[in-house]
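This note is intended for a reader who has the sequence and the model at hand. Please follow each numbered point on the structure itself.

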Amino acid sequence: MRYTQLLMPTLREEPAEAEVVSHKLMLRAGMIRKLAAGIYTFLPLGVRVMQKVERIIREEMNKAGALEVLMPCILPAELWKESGRWDQYGRELLRIKDRHERDYCFGPTHEEVITDLARREIRSYRQLPLNLYQIQTKFRDEVRPRFGVMRAREFIMKDAYSFDADEEGAERSYWRMYEAYTRIFQRCGLKFRAVEADTGLIGGSFSHEFMVLADTGEDVIVSCSQCDYAANLERAEVGKVVEEVDERMKDLQKVRTPERKSVEEVFEFLGVPPQRLVKTLIFKTEKGVIAALVRGDHEINEAKLRRHMGVAQLQMAADEVIADVTHAPKGFAGPVGLEVKLVADYAVEGMKNFVTGANEPDAHLINVNLGRDFQVDEFADIRLAKDGDPCPRCPGRLQVSKGIEVGHIFKLGTKYSKAMGATYLDPKGREKPLVMGCYGIGVGRTVAAAIEQNHDEDGIIFPMSIAPFHVLILPVNNKDVRIMKVAEDLYLVLQQRGVEVLLDDRDERAGVKFKDADLIGIPLRLTVGEKNVGVGKVEIRIRRSGEVMLASLGEAPEVVMEMISAELRDD
């Protein structure tokens, strides 16, 4: 490809709208342009990188035995009502009507559609296992799209769905996809970690997120310093340690705490540390109102509480519900005398003489004790993990880092097949529900994550496997006939040998060309200058390391070929 034939409008200044590195560099390198909030046009350079990622995905999915399909983007509401998600999904689901006033949505994911296909086409156990995937545009109406293509409303996603006869087969399909995802992200040149995750609105029994490790990531990863345990913040467990306090019980007392509602206000007013307080949080679920107790210096993990309670809906109770249950305004709830189900975090179990709300305005209780003053219905791990907490798997300690989610795999079980009647006949002719799994990769997000992990102050540093071109040929003076003849000859030879090469044939100053070369991040640069050409050589520069070497004009193509092969082997 010649630069003069390529639409690649690079920018010198950092765009004011961009918050993270990948967004800035994708705009500056001419990879994307914004059309509307969270909606982007991919320009030729961006498309080439996206296609590289898609090719790796296709190769590994096909190798794992999955078959590619292509499903519609506009989905009938009837299918979503069958699964129960039409009302559950919320405002992220873009709902639309056709000319006949029939309800549709723009698909954010395709569990319903693929289940409908399966129930129509799968009849017998002989057709199983089956794994179908697509690479397609999705839309989720994010309330606050940000970070460029990292959290866009419209995006390209690879989603796959497996169908098995039983749990054992579904387990094999799940781990086959786990291994395929590991190979995909390795080949994309990413440093990543697979972590246990919450299943969220997709549902199912368990899942893993594939997180690219990056300081700019918006997701939190919790991992052990000694073993291989890792999970996202929603899923992360905390090792059970009940610390028995060695002190006698003191008499329960009520104290006035006018207008002191928050933990900070209460412990400052009473002069006690936050770990001597217990917060009482009131939640509303489809099974009724519950109260969750966590230590004052800990935060509730709503996802863990929801899983422990076995409820689909869990939300912080409205002020009027809190007042009805506790007979006090928000901020003064406590467990003593509270007539709802009480669930306490394990860290509360060994506490003595602690502080709680008094269930009346402007008052708290001090010297509250379990057993004597109130009873807990259940103890569970319901708090957010934090740095230094005990590992749930070994004697190690948890550490917190940041990451970017690029892939997510779920073991769905029979959630959708039972709801939608997707069954097969087993060898004895009995009808049974299909056991499902689903597996997603954000293609654009993978590109953005690669840039977050591979850049410097001058621009992008693409891994060879997903770079838009392998080599950039940069003649420093287009008006020098001899320089251009050497550049054109190298361009032709490398193209003939299958190298993806970009020739910067623009009539621009050398400094402009060098800056653009660093910005767009092509792994190898061949600089053709008057001095080196005069002695029959060309300069080869490695973008990642900045290492520069000279090669003879005759040997340069072979040197370049070997460098490309070596990096692709490493990926």
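1. Asn131 belongs to strand E7. Leaving aside residues up to four places away in sequence, Asn131 touches Gly65, Ala66, Leu67, Ala160, Tyr161, Ser162, Met177 and Tyr439. Please note that the model is a predicted one.

2. Pro129 lies in the loop between helix H5 (111-121) and strand E7 (130-139). The peptide bond that joins Leu128 and Pro129 is cis, with omega at about 0 degrees.

3. The overall description may be stated next. The protein has 571 residues, of which 53% count as buried, and it contains 15 helices and 31 strands. Along the principal axes, the C-alpha trace spans about 95 × 65 × 50 Å. The accessible surface amounts to about 25,700 Å², and carbon and sulfur atoms account for 49% of that surface.

4. Two further totals concern contacts and charges. When contacts between residues at least 6 apart in sequence are considered, 69% of them join residues at least 24 apart. There are 82 positive and 91 negative side chains in the protein. The centres of these two sets lie 2 Å apart.

5. The pairing of E13 can be examined in detail. Strand E19 (residues 363-368) is joined to E13 by 4 bridges, and the two run antiparallel. Within this part of the sheet, Arg256 stands opposite Ala363 in E19.

6. Strand E17 (residues 341-345) has two pairings to consider. With strand E15 (residues 288-295), E17 pairs in the parallel sense over 4 bridges; here Leu293 has Ala344 in E17 as its bridge partner. With strand E20 (residues 378-380), E17 is joined by 3 bridges, again running parallel, and Asp345 stands opposite Ala380 in E20. As to cover, 4 of the 5 residues of E17 are buried, and the strand is thus mostly covered.

7. His327 lies in the loop between helix H9 (319-326) and E17, and Asn353 lies in the loop between E17 and E18. His327 is not a glycine, yet its phi is positive, at about 65 degrees. Asn353, likewise a residue other than glycine, has a positive phi near 55 degrees.

8. Are His327 and Asn353 buried or exposed? His327 has 63% relative accessibility and therefore counts as exposed. Asn353 has 5% relative accessibility and therefore counts as buried.

9. Because 5 of its 5 residues are buried, E27 is largely enclosed by the rest of the structure. Val471, Ile473 and Pro475 point one way from the strand, Leu472 and Leu474 point the other way, and all are buried. Strand E28 (residues 501-503) is joined to E27 by 3 bridges, and the two run parallel. Leu472 has Leu502 in E28 as its bridge partner.

10. Just after H13, Gly521 takes a positive phi of about 75 degrees.

Terms used:
Residues numbered from 1 in each chain as written. Predicted model: local features only at pLDDT ≥ 70, side-chain atom pairs only at ≥ 80, totals over all residues. Heavy atoms only, no water. Pairing = 2+ DSSP bridges. Buried < 20%, exposed > 50% of the residue type's maximum accessible area, 1.4 Å probe, protein only. Contact = heavy atoms within 4.5 Å. Areas by Shrake-Rupley, 256 points an atom, 1.4 Å probe, with all protein chains shown as cover. Lys, Arg positive; Asp, Glu negative; His and termini not counted. Charge placed at Lys NZ, Arg CZ, Asp CG, Glu CD.
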